[in-house]
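I opened the model and kept notes on what I looked up. The entries follow in the order I made them.

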Amino acid sequence: MAVAARTVNSLTEAANARHEALAGATVRAGTYSLELGDEVMTGWHSHEFHQLEYALEGVAEVETVTARYLLPPRQALWIPAGVEHSSTLTHVKAVSVFFHPGMNLPAGERVRILAVEPVLREMIQYARRWPLSRVARDPVADAFFDALALLLAEWLDHETPLCLPTTRDPLVAAAIAYTDDHLADATLRDVCGAVGASERSLRRAFANATGITWRQYLQESRLLKAMALLAEGDQSTLAIAMSVGFESVSAFTRAFHRYAGETPKSYRRRTRPLPATHEWDEADALRAVQEWSHWGHESGPSD
């Protein structure tokens with residue numbers, strides 16, 4: 001099932017369609033594909049299934065009551081069932097895999113960004129042949145999603161730190177909003193003037209509400225914005241570095257490498273849209289289930 005949307009209003013229609021698919025699901029696991037044009041927002045919502053969202057193209061930002069997460073291309077977002085969240089999606093092409101809580105995945109209680117290994121990337125994309133809306137039970141699909149769930153249980157321990165804290169403290173929330181709107185030239189003095197607080201008061205309130213200093217927030221917010229620009233556009237590294245407040249490419253590259261574990265150049269190359277994968281047949285699917293799960297080639301999956 002694929003849904004295309006270009007505006008906030010049409011996304012609401014797409015979101016409602018996905019909600020109906022979830023509400024009417026009669027299977028334990030399945031997929032839902034989404035293709036969007038301009039920037040759109042989903043609004044706050046939750047669902048009864050665990051969601052693994054894999055971004056093929058574009059950039060998604062997901063906010064919960066405690067943090068804001070960046071989902072660049074070729075990484076995945078894990079949203080446990082029942083977690084309230086709101087998404088902002090920009091030119092996104094994504095596949096979501098939904099798992100019923102009865103599958104007993106170690107879901108946890110918070111959103112996570114996960115680096116996707118090539119094997120799991122292929123499995124997520126191939127899983128599109130089994131949409132959540134299907135009615136007839138398919139033993140191959142059951143075995144495939146069981147194998148994916150087994151791998152995901154291990155994969156959930158390997159998250160990437162692509163998130164920023166959020167807060168309901170009005171003073172700190174205003175400081176965060178001002179900072180995000182002025183990444184290139186924000187100073188603590190400017191922020192304090194904008195929100196009407198002394199530097200000492202804001203430092204204390206910011207650390208208490210978010211667990212990090214304002215300066216650390218500024219640095220990480222700049223880097224997350226740069227990651228989104230690297231993934232979705234064709235601006236030069238120099239232009240991106242300057243646009244988020246770094247004075248030189250070398251300073252930007254050092255900070256980026258410390259934060260993301262790779263250079264801006266390698267990150268941009270890795271997050272470019274993937275070429276189309278080959279079409280698998282039934283034999284490919286069965287072989288994948290055997291090779292990518294803990295089952296042997298001869299014994300097969302147990303009932």
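**Entry 1: histidine 45.** I started with a side chain: that of histidine 45 reaches the backbone oxygen of glycine 43 at 2.9 Å. I count a polar contact as a pair of N or O atoms within 3.5 Å; within protein, one must be able to donate a hydrogen and the other to accept it, and residues adjacent in sequence count only if both atoms are side-chain atoms. I placed histidine 45 in the loop between β3 (40–41) and β4 (50–63). Helices (H or I, at least four residues) and strands (E, at least two) are DSSP runs, numbered from the N terminus. Is histidine 45 buried or exposed? Its relative accessibility is 18%, so I log histidine 45 as buried. The cut-offs are under 20% relative accessible area for buried, over 50% for exposed, and partly exposed in between (1.4 Å probe, protein chains only).

**Entry 2: ground rules and confidence.** This is a predicted model, in which local features need pLDDT of at least 70 and side-chain atom pairs count only at pLDDT 80 or more, while totals for chains, interfaces and linings use all residues. Residues are numbered from 1 along each chain as its sequence is written, and side-chain values use heavy atoms, with hydrogens and water left out.

I checked the pLDDT (the predictor's confidence in each residue, from 0 to 100). The protein averages 82, and 81% of the residues score at least 70.

**Entry 3: overall counts.** Of the 303 residues in the protein, 50% are buried. Among contacts with a separation of 6 or more, 77% join residues 24 or more positions apart.

**Entry 4: α4 against α6.** Two packed helices are described by the angle between their axes and the distance between the axes. I take axes as lines fitted to C-alpha atoms, for helices over the stretch in contact, with angles from 0 to 180 degrees between N-to-C directions. The axes of α4 (residues 170–181) and α6 (residues 199–210) come within 9 Å and cross at roughly 95 degrees. The two helices are therefore roughly perpendicular. The classes I used: under 35 degrees is roughly parallel, over 145 roughly antiparallel, 65 to 115 roughly perpendicular, and the rest oblique.

On the α4 side I listed Leu171, Val172, Ala175 and Ile176; they meet Leu202, Ala205, Phe206, Ala209 and Thr210 of α6. That contact divides into eight nonpolar residues, one polar and no charged. Ala, Val, Leu, Ile, Met, Phe, Trp, Tyr, Cys and Pro count as nonpolar, Asp, Glu, Lys and Arg as charged, and the others, Gly among them, as polar.

**Entry 5: α7 against α9.** Helix α7 (residues 214–232) packs on helix α9 (residues 249–260) at about 95 degrees, with axes 10 Å apart. That makes this pair roughly perpendicular. The α7 residues in the contact include Leu223, Leu224 and Met227, and those of α9 include Phe252, Phe256 and Tyr259. I logged 10 nonpolar residues, one polar and two charged.

Arginine 215 is also in α7. At 55% relative accessibility, it counts as exposed.

**Entry 6: leucine 89.** Leucine 89 sits in strand β7 (residues 86–99). It is buried, at 3% relative accessibility. Leaving out residues up to four places away in sequence, leucine 89 touches Leu34, Leu36, Asp38, Glu39, Val40, Thr42, Val59 and Ala60.

**Entry 7: the loop between β7 and β8.** Histidine 100 lies in this loop. It is partly exposed, with a relative accessible area of 36%. A polar atom of its side chain lies 2.8 Å from the backbone nitrogen of glycine 102. The C-alpha atoms of histidine 100 and glutamate 48 are separated by 7.6 Å, though 52 residues apart along the chain.

Asparagine 104 is in the loop between β7 and β8 (112–115) too. I noted its phi near 60 degrees, a positive value in a residue other than glycine. Asparagine 104 is exposed, at 67% relative accessible area.

Note on methods
Contact means heavy atoms within 4.5 Å.
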